[in-house]
Amino acid sequence: MLTRGILGLSLVILGFTALAQPDRWQQQVEYKMNIDMDVETNQFTGFQKLKYYNNSPDTLDKVFYHLYFNAFQPGSMMDVRSRTHTDARRGVNDRIFKLEADEIGYHKIKSFKQNGKNVNTSVDGTIMTARLSSPILPGETVVFDMEFESQVPIQIRRNGRDNAEGIRYSMGQWFPKIAEYDYSGWHPHDYIAREFYSPWGDYDVTINIDSDYVVGASGVLQSTEVSKNDKKTAHRYLAENVHDFAWGADPDYTHDVVNIREGLDVHIYYQTDTLKEQWQQLGEYMKKAVPFIESKCGKYPYPVYKIIQGGDGGMEYPMATLMIGHKSLKSLVGTAVHEIIHSWYQLVLGTNESYLYWMDEGFDQYYDEMTMSYLFDENYESRKPMSGYYRYYKGVVESGKEEPLTTHADHFENHRAYGMAAYGKGALALQNLEYIMGRAVFDRAMLRYYDTWKFKHPNAVDFEVIMEKESGLELSWFFDYWVKTTKTIDYAISNVNTVKAGVEISMERMGLMPMPLDVVLTKKDGTIQQYYIPLGMMRGHRELSQNETLMTPWKWVNPYYSFVIDIEEDEIKSIEIDPSRRMIDINYDNNEYPNRNSELEIKGKSDKLENN
Ligand SMILES: [Zn+2]
């Protein structure tokens, strides 16, 4: 056994080192768009002026744009993938394949200019390539002018017109948008199912639409101007420091505004004819939820958030969500909570969703569960382990379909495995880290992660480094195993024996992924003794509570570990590895002594005997 004092001191010293802020270059955009919508044909014309800042050290001889609406055409990659995937997505299937000419989506690029000069473009599905005759030099700023004509597809996935609840326009991923270029190059991913990654900047967007439409959009409304013939209204929005822009429009929207705190209003747009009372209560829940989320995740940086009825399910955008509304109050609140938490884990941190979906959906889910528990469960402080996601994880692991978290989001063989990886294993990553680092340190680390990396596109290593700095622990082993492999955690108490000096507790690492262990011994008189076994690779340990005894570190190469305690064997009621169930041990059955299952077996047998 080690003395706690020395290691505790090293923990404190490490905690004060290296507070440097990251200084990584990133591209920057300024969009100015003017859209004229024809609500009869569901087509619109668009003018887009994009000021593009090449802050990279590289000369760019081409640029890529996403043309998301092109996904909603028979034969598109999204269509083919939706029909041929091993577990084809419910809700899409062959719906794109069956679209008629007036139901498909498209973007037609009518002209494209760089600094006033025409540039040739080519379109391949949802990606437009422009090969530049004048390459953009490092540090140079250029202006791209684009004229385009688009047709809004019938709503199938995320965006579109006339969704299942009768919302006319759900406008996410709706305009030609430049792809992200970063330290690993361009990211011109085809739009197949997911997800997004774009440069930050300011969006100045004017939407011209029939005057009887109510519009809700990302950003702050600057002005509304009714046209001379009274038919249309121009709604001008400004959204600053965002990497996307979304809007919804419907003639039947009711628009409520709820003040959350100084400098933050939540706007809610919903159809009055359906579930009006539930949508009206939503505002009160957001009043309670947002300050709680801010206390855990950091300050929400924008002046508004818009909850707009539309789309399918719920989808996150800067300062806005499009979400469906026909559901129970708790489910409505749940979706709104999930989507607004994406303001932190995606829209402000801006991780690359193609690869780092688990830092986006997973982190969101971790705080989503905590927030819902805060809103609806009086005992939320106990932070129950995420049993639903544990079962989801275990189910996929046992199915043999699990893929590592390094798999590109669109390239998973199986939707269920993607969902588990992004939402489940991502959320469980944080639960594991909370277990490894200790709750208070973990909570501080998450706030530090946000403060350090907001608006900077952190990657997985950036996150790992923050966790290490705040805890003073080496944690790369955790990310190596949890993110890059499908190896699982499984620890067992293998033996409890009386020896000369007392009782020897023997344990075995049955799984391939190592972890530090909390071991709790409960005596028959009800008192408990806690033992903490750090993993050697951590080069330290989490903060210990008063009653915990620090044990010799367990070296990962060793499948076995034992320690002796001065106690009589018949004083022991039980010994358990991680009674908190936060460590994602794939098999809890062998975590306890005496083994509950063997007890059940014995009980089962005796029951039989009695019955016979
Ligand atoms: Zn989500």
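This is a predicted model: local features need pLDDT of at least 70, side-chain atom pairs count only at pLDDT 80 or more; totals for chains, interfaces and linings use all residues.
Where are the two domains in the chain? Domain 1 is made of two stretches, 4–21 and 373–484, while domain 2 runs over 491–604. To their contact, domain 1 brings 26 residues and domain 2 brings 32 residues.

Now the polar side of that contact. Between the domains there are 10 residue pairs in polar contact, counting pairs with both residues at pLDDT 80 or more. The number of salt bridges between domain 1 and domain 2 is one. In a salt bridge, the side chain of Arg582 meets that of Glu434, at 3.2 Å from N to O. On the side of domain 1 that touches domain 2, H8 gives the most, with seven residues.

Next, the nonpolar core. The largest one has 165 residues. Which residues have the most contacts inside it? They are Tyr52, Phe144, Trp174, Phe245, Trp247, Met467 and Met507. Helix H8, residues 415–437, supplies the largest share of this core, 13 residues. Why does the core lie between domain 1 and domain 2? Because both domains give residues to it.

Let me take one residue from that list. Trp174 touches several residues beyond four places away in sequence, among them Met33, Phe69, His107, Phe245 and Trp247. There is also a second, separate core, of 21 residues, including Met78, Ile96, Ala246 and Met315. Ala246 is also one of the residues that Trp174 touches.

That is what I have for today.

Definitions and conventions
Residues are numbered from 1 along each chain as its sequence is written. Side-chain values use heavy atoms; hydrogens and water are left out. A nonpolar core is a set of buried Ala, Val, Leu, Ile, Met, Phe, Trp, Tyr and Cys residues joined through side-chain atoms within 4.5 Å. Buried means under 20% relative accessible area, exposed over 50%, partly exposed in between (1.4 Å probe, protein chains only). Helices (H or I, at least four residues) and strands (E, at least two) are DSSP runs, numbered from the N terminus. Domain bounds come from an automatic or database domain assignment. Contact means heavy atoms within 4.5 Å. A salt bridge is a side-chain nitrogen of Lys or Arg within 4 Å of a carboxyl oxygen of Asp or Glu. A polar contact is a pair of N or O atoms within 3.5 Å; within protein, one must be able to donate a hydrogen and the other to accept it, and residues adjacent in sequence count only if both atoms are side-chain atoms.
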